[in-house]
Each structure stands twice: as C-alpha cells, then as structure tokens.
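Me: I would like to learn how to read salt bridges in a structural model. Please take me through the general idea and then the case at hand.

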Amino acid sequence: MKHEVRPELDFDWTIASDWETETKLREERNNIIKRELQYGRHVLYRSSGWSLFPRVHSNDQTIYAPVTRDEQVQEGDIVFYEVQPRGHFYAHLVLKKALHN
C-alpha cells in the first residue's frame, strides 16, 4: 500500500534553541498527526529522538495507522496516543495491555 509523504512530517522542524518554543512546535506537529489519524488517514512521520530505540532510530520514517478498536493494538506495537492528561500526544511502545472493565 502506497502512502502519501506529507512534507511537514518528513523532517523535524520542531527543534528550537529554547525548550518553550520547541514544546509549542512539537504540540503543533503532534496535532497534525492526531488530526490525520482521526480522519482515518495513515500518517508517514519521520521520527526524531531516541525514546523508542532500538526499535526506531532518530530520523527513521514510520507509518501510523488509525485505530478504532482496542483489539487492533498488540503488545510490541508503537502507537501515537495521549500519554498525559493534558492532551499531549506521543509515540509510545505498548509494553503490556491491561483489561479494563
């Protein structure tokens, strides 16, 4: 399956000289990714940083697929989701799935 490469997600334009600016730019980029996934579109994204090493290296291109059911996500998957209650979204490695009633 061929996916469109969006230029604004194919390089890391969020790196800034101060953390406050970088945080705002990351939030802007993450909102682009979140919106595309919510529209049901796959997202090609060039990662930066080493938080998912050794699975993903800095500057690797990754593809995120929209998820509509919990069963679609398995342990070992990398997902883009809200990990903090303030609405921040990040790429995250699923280490364990817990059953919620």
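Me: Which side chain meets Arg 26 in a salt bridge?

Reply: Side chains of opposite charge can pair when their charged atoms come close. A salt bridge is defined as a side-chain nitrogen of Lys or Arg within 4 Å of a carboxyl oxygen of Asp or Glu. Here, the partner of Arg 26 is Glu 22, at 2.7 Å from N to O. Please note that this is a predicted model, in which local features need pLDDT of at least 70 and side-chain atom pairs count only at pLDDT 80 or more, while totals for chains, interfaces and linings use all residues. Residues are numbered from 1 along each chain as its sequence is written, and side-chain values use heavy atoms, with hydrogens and water left out.

Me: Where do Arg 26 and Glu 22 lie?

Reply: Both belong to helix H1 (residues 19–38), 4 residues apart, about one turn of the helix. Helices are DSSP runs of H or I with at least four residues, numbered from the N terminus.

Me: Is Glu 22 buried or exposed?

Reply: Buried means under 20% relative accessible area, exposed over 50%, and partly exposed in between (1.4 Å probe, protein chains only). Glu 22 is buried at 9%, whereas Arg 26 is partly exposed at 30%.

Me: How many salt bridges does a search of the whole structure find?

Reply: The search finds 4. Among them is the pair Glu 36 and Arg 41, with the closest N and O atoms 3.1 Å apart; Glu 36 is buried at 10% and Arg 41 partly exposed at 41%. Another joins Glu 71 to Arg 69 at 3.4 Å, N to O. Glu 71 is exposed at 54%, and Arg 69 is partly exposed at 47%.

Conventions:
Helices (H or I, at least four residues) and strands (E, at least two) are DSSP runs, numbered from the N terminus.
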